[in-house]
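The topics are grouped below.

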Amino acid sequence: MYASSAKAVWDDLHERFDKVAGSRSYNLHKEIATLSQGIAYVSAYFSKLKDLWEEFEALVPAPECDCPKSREFVVHLQKLKLFQFLMGLNDSCSQARSQILLMSPMSTVNQAYAMVISDESQKSVAANAGLLGANPTSGTSLFDMAMYTKTGGNY
């Protein structure tokens with residue numbers, strides 16, 4: 001109320017309320033560092049991680065200038081995101097994780113996500129194929145089978 005200028009008021013407000021952004025960015029960083037897939041699907045884990053990254057970037061934006069050092073730093077941040085994503089994956093994704101880490105040049109987070117999702121999908125198909133067994137027409141099958149023709153006859 002008795003400030004000598006608008007800048008003094010803004011500086012005072014910034015000093016008082018910027019602490020919230022500092023604690024929130026700390027908590028976001030901690031959440032990102034400790035987030036893991038657990039029993040969730042890779043897509044759910046990645047969505048949660050992406051939401052946390054976006055909120056963190058809103059509080060702590062990456063440099064916007066187009067100088068070489070800034071570009072290098074942004075590439076470094078992208079690599080850190082890739083490592084964070086890979087570290088949080090379950091051990092069932094270890095083969096995909098190893099393949100991604102061996103790639104040169106290093107893949108982006110989105111490319112790595114696509115590879116892991118593809119791997120998860122293939123494992124799911126293989127697991128579901130095992131329900132029918134190697135030979136679903138064998139006498140030991142638990143499922144009855146019927147074949148129909150276009151004319152409606154049963155076999």
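**Cysteines, a helix pair and a loop glutamine**

C67 is partly exposed, with a relative accessible area of 30%. The model is predicted. C93, by comparison, is buried, at a relative accessible area of 5%.

Cysteines
- Searching the whole structure for disulfides gives 0.
- C93 counts as buried because its relative accessible area of 5% falls under the 20% cut-off.
- C67, at 30%, lies between the cut-offs of 20% and 50% and is therefore classed as partly exposed.

Packing of α2 and α3
- Helix α2 spans residues 42–59 and helix α3 spans residues 68–88.
- The two helices pack at an angle of about 145 degrees, and their axes are 11 Å apart.
- Their crossing is right-handed.
- On the α2 side, the contact is made by V42, Y45, F46, L49, W53 and E57.
- On the α3 side, K81, Q84, F85 and G88 take part.
- Sorted by class, the residues of this contact are 6 nonpolar, 2 polar and 2 charged.

Q37 in the loop
- Q37 sits in the loop that links α1 (6–34) with α2.
- With a relative accessible area of 6%, Q37 is buried because that value is under 20%.
- The Q37 side chain comes to 3.0 Å from the backbone nitrogen of N90.
- Neighbours within four places in sequence aside, Q37 contacts V42, Y45, G88, L89, N90, C93 and E120.
- Among these partners of Q37, V42, Y45 and G88 also belong to the contact of α2 with α3.
- The buried C93 is likewise one of the residues that Q37 touches.

Conventions:
Residues numbered from 1 in each chain as written. Predicted model: local features only at pLDDT ≥ 70, side-chain atom pairs only at ≥ 80, totals over all residues. Heavy atoms only, no water. Axes fitted to C-alpha atoms, helices over the stretch in contact; angles between N-to-C directions. Helix = DSSP H or I, 4+ residues; strand = E, 2+ residues; numbered from the N terminus. Left-handed = near helix turned anticlockwise from the far one by under 90°. Contact = heavy atoms within 4.5 Å. Nonpolar A, V, L, I, M, F, W, Y, C, P; charged D, E, K, R; others polar. Buried < 20%, exposed > 50% of the residue type's maximum accessible area, 1.4 Å probe, protein only. Polar contact = N/O pair within 3.5 Å; in protein donor to acceptor, adjacent residues only side chain to side chain. Disulfide = S-S within 2.5 Å.
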